Amino acid sequence: MDCIFCKIIAGQIPSIKIYEDDRTFAFMDINPRSDGHCLVIPKKHAVTLWDIEDDELRVTMVTLKKVALAIRKALNPDGITSFQLNGKAANQLVDHYHVHLVPRWLNDGVDMRHGLQPGDMEKIKGLGAKIAAAF
Ligand code: 5GP
Ligand code: ZN
């Protein structure tokens with residue numbers, strides 16, 4: 001299947017992985033809205049909230065919480081934004097269900113409507129390693 005996130009799960013496209021179990025996967029976003037921005041996905045391909053099976057959604061949410069706790073331990077943010085987009089009208093760019101986790105600091109000025117801006121890969125790798133070590 002020609003899905004970029006399925007390829008990331010399979011290791012055919014490199015990623016900065018922070019967590020993996022038999023059904024879910026989490027990795028750093030390469031266009032981060034804030035320091036530590038990452039994505040949590042089910043391994044089984046589904047496109048949107050409309051398509052994903054209940055059990056896949058459950059395990060993805062459990063991993064989402066694990067990753068959020070690791071982010072708190074690693075980066076000590078004041079808050080965290082989680083969001084998930086469905087369909088072109090909602091600006092979904094990648095057609096494999098994923099939930100964003102965006103660490104937030106008071107008055108950080110992060111604007112979710114901003115277009116994608118590539119981050120500094122060395123910095124993202126460092127943040128990813130910190131989060132991965134906090135599970
Ligand atoms: P969406 O708008 O579909 O919710 O967001 C897709 C997200 O995936 C964007 O934040 C984008 O930066 C991220 N993304 C797209 N391609 C890649 C990739 O190849 N690797 C990683 N790590 N993130 C990606
Ligand atoms: Zn996929």
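Visitor: Why is Ile4 called partly exposed?

Guide: Its relative accessible area is 43%. Buried requires under 20% and exposed over 50%, with partly exposed in between, so Ile4 with its 43% is partly exposed. The model is a predicted one.

Visitor: Where is Ile4 found, and how far is its C-alpha atom from that of His96?

Guide: Ile4 is found in helix H1.

Visitor: Which atoms are the protein donors of the zinc ion (ligand 2), and what makes them donors?

Guide: They are SG of Cys3, SG of Cys6, ND1 of His45 and ND1 of His96, lying 2.0 to 2.3 Å from the zinc ion. A donor is an N, O or S atom within 2.8 Å of such a metal, so these atoms, at 2.0 to 2.3 Å, qualify. In sequence the donor residues follow the spacing C-x2-C-x38-H-x50-H.

Visitor: What do Cys6 and His96 tie together?

Guide: Cys6 lies in helix H1 and His96 in the loop between E4 and E5, so this pair ties together parts that are 90 residues apart in sequence. Cys6 and His96 are both buried.

Visitor: Why is the site of the zinc ion (ligand 2) called tetrahedral?

Guide: The angles among its 4 donor atoms are 104 to 116 degrees. Four donors count as tetrahedral if all angles lie between 85 and 135 degrees, so the site meets the criterion.

Visitor: What makes E2 largely enclosed?

Guide: 5 of the 5 residues of E2 are buried, so the strand is largely enclosed by the rest of the structure. Both of its faces are covered: Thr24, Ala26 and Met28 are buried on one side, and Phe25 and Phe27 on the other.

Visitor: How do you know that E2 pairs with E1 and with E3?

Guide: Two strands pair if at least two bridges are found between them. E1 (residues 17-20) and E2 have 3 bridges, in the antiparallel sense, and E2 and E3 have 5, also antiparallel. Lys17 has Phe27 in E2 as its bridge partner, while Met28 stands opposite Cys38 in E3. A hairpin through 3 residues joins E1 to E2.

Visitor: What makes E5 mostly covered, and with which strands does E5 pair?

Guide: Of the 6 residues of E5 (residues 99-104), 5 are buried. E5 pairs in the antiparallel sense with E3 (residues 38-42) over 3 bridges and with E4 (residues 79-83) over 5 bridges. Val40 stands opposite Val99 in E5, and Gly79 opposite Arg104 in E5.

Visitor: Why do Asn91 and Asn107 count as exposed?

Guide: The relative accessible area is 56% for Asn91 and 82% for Asn107. Exposed means over 50%, so both residues count as exposed.

Visitor: What makes Pro77 buried?

Guide: Pro77 has 13% relative accessibility; the cut-off for buried is under 20%, so Pro77 counts as buried. Pro77 is placed in the loop between helix H2 (54-75) and E4. Its C-alpha lies 20 Å from that of Val62, and the two are 15 residues apart in sequence.

Visitor: What lines the largest pocket?

Guide: The lining has 29 residues, of which Asp29, Asn31, Arg33, Leu93 and Leu116 lie nearest the centre. Helix H1 (4-10) and strand E2 (24-28) are the elements that give two or more residues to this lining, and H1 gives the most, with 3. By class, the lining has 18 nonpolar, 8 polar and 3 charged residues. The space in the largest pocket is about 600 Å³.

Terms used: Residues are numbered from 1 along each chain as its sequence is written. Chains are lettered from A and ligands numbered from 1 in the order in which they are written. This is a predicted model: local features need pLDDT of at least 70, side-chain atom pairs count only at pLDDT 80 or more; totals for chains, interfaces and linings use all residues. Side-chain values use heavy atoms; hydrogens and water are left out. On a 1 Å grid over the protein atoms alone, a cavity is a set of points where a 1.4 Å probe fits but cannot get out, and a pocket is an open set with protein on both sides within 12 Å along at least five of seven lines; lining residues have an atom within 4 Å of a point. Grid points are joined across faces, edges and corners, and a volume is the space filled by probe spheres set on the points. Helices (H or I, at least four residues) and strands (E, at least two) are DSSP runs, numbered from the N terminus. Ala, Val, Leu, Ile, Met, Phe, Trp, Tyr, Cys and Pro count as nonpolar, Asp, Glu, Lys and Arg as charged, and the others, Gly among them, as polar. Buried means under 20% relative accessible area, exposed over 50%, partly exposed in between (1.4 Å probe, protein chains only). Donors are N, O and S atoms within 2.8 Å of the metal (3.2 Å for Na, K and Ca); water is not among the atoms, so sites may look incomplete. Four donors count as tetrahedral if all angles lie between 85 and 135 degrees; four count as square planar and six as octahedral if opposite donors are over 155 degrees apart and all others between 65 and 115; anything else is irregular.
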